[in-house]
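Thanks, everyone. Please look at the screen, and I'll walk you through this one.

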Amino acid sequence: MPGFEVDKNLSKQTTTIKEFNISKPNAYHDKLRKIDETLEKENLELQKKREFKAQYPHVIFEEPFVPERPSRFCKIEEFNLHSEKRGVDRKIFDEDLEQLRLEREKAMEECEKKQKRDRSKRDRRTTQEDCTQSQQNRRIQKARISRYIVK
């Protein structure tokens, strides 16, 4: 450890102790006196405000206030209500819907006609096939019967 020279003649000075008084004997009375003074001032101000002082009736002798009308008048411009525009748009929309409905009905009618044609063709085919099959069945039965008879 390095050697430091310490001066032993130096002595530390301590702080001197002083008395500490938290409360003064007249502090409470001083505070009460200040509160009383402020209350008295406020009361005096309120009394002065309450006193009635009549003023000169200048309103009676003067002419009443009349607002000035502007010399130029406002121009009224035409305007379009949103409901009118919406009515026109709705009318167009309804017409388009009606056209679509008519087109769908036509398409459905054509589809039904086509299905009827197809059904009638199928019915004809099936009846023809049924006829041919029944003829063939009869021939087969006749052939079987003839085989049994021949033997």
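Lys113, Lys114, Lys116, Arg117, Arg119, Lys121, Arg122, Arg124 and Arg125 form a positive surface patch. Keep in mind that this is a predicted model.

Take one member of that patch, Lys116. Where is Lys116 found? Lys116 sits in helix H3, which covers residues 82–150. Is Lys116 buried or exposed? Its relative accessible area is 58%. Exposed means over 50%, so Lys116 counts as exposed.

Now a patch of another kind. Tyr56, Ile60 and Phe61 make a nonpolar surface patch. The area of that patch is about 430 Å². Look at Tyr56. Tyr56 lies in the loop between helix H1 (27–50) and helix H2 (58–61). Its relative accessibility is 61%. The cut-off for exposed is over 50%, so Tyr56 is exposed too.

Let's step back to the whole chain. How many helices and strands does the protein chain have? Three helices, and zero strands. Read from the N terminus, the order of elements is α-α-α.

Then the surface. The protein chain has an accessible surface of about 17800 Å². Carbon and sulfur atoms account for 54% of that surface.

And burial? What share of the 151 residues in the protein chain is buried? The figure is 0%. Buried here means under 20% relative accessible area.

To recap: a positive patch that includes Lys116, a nonpolar patch that includes Tyr56, and a chain with three helices. That's it from me.

How values were computed. Residues are numbered from 1 along each chain as its sequence is written. This is a predicted model: local features need pLDDT of at least 70, side-chain atom pairs count only at pLDDT 80 or more; totals for chains, interfaces and linings use all residues. Side-chain values use heavy atoms; hydrogens and water are left out. Helices (H or I, at least four residues) and strands (E, at least two) are DSSP runs, numbered from the N terminus. Buried means under 20% relative accessible area, exposed over 50%, partly exposed in between (1.4 Å probe, protein chains only). Accessible areas come from the Shrake-Rupley method with a 1.4 Å probe; for residues, only the protein chains shown count as cover. Patches are made of residues with over 30% relative accessible area and no salt bridge: like charges are joined within 9 Å, nonpolar side chains (Val, Leu, Ile, Met, Phe, Trp, Tyr) within 5 Å. A salt bridge is a side-chain nitrogen of Lys or Arg within 4 Å of a carboxyl oxygen of Asp or Glu. Lys and Arg count as positive and Asp and Glu as negative; His and the chain ends are not counted. The place of a charge is taken as NZ of Lys, CZ of Arg, CG of Asp or CD of Glu.
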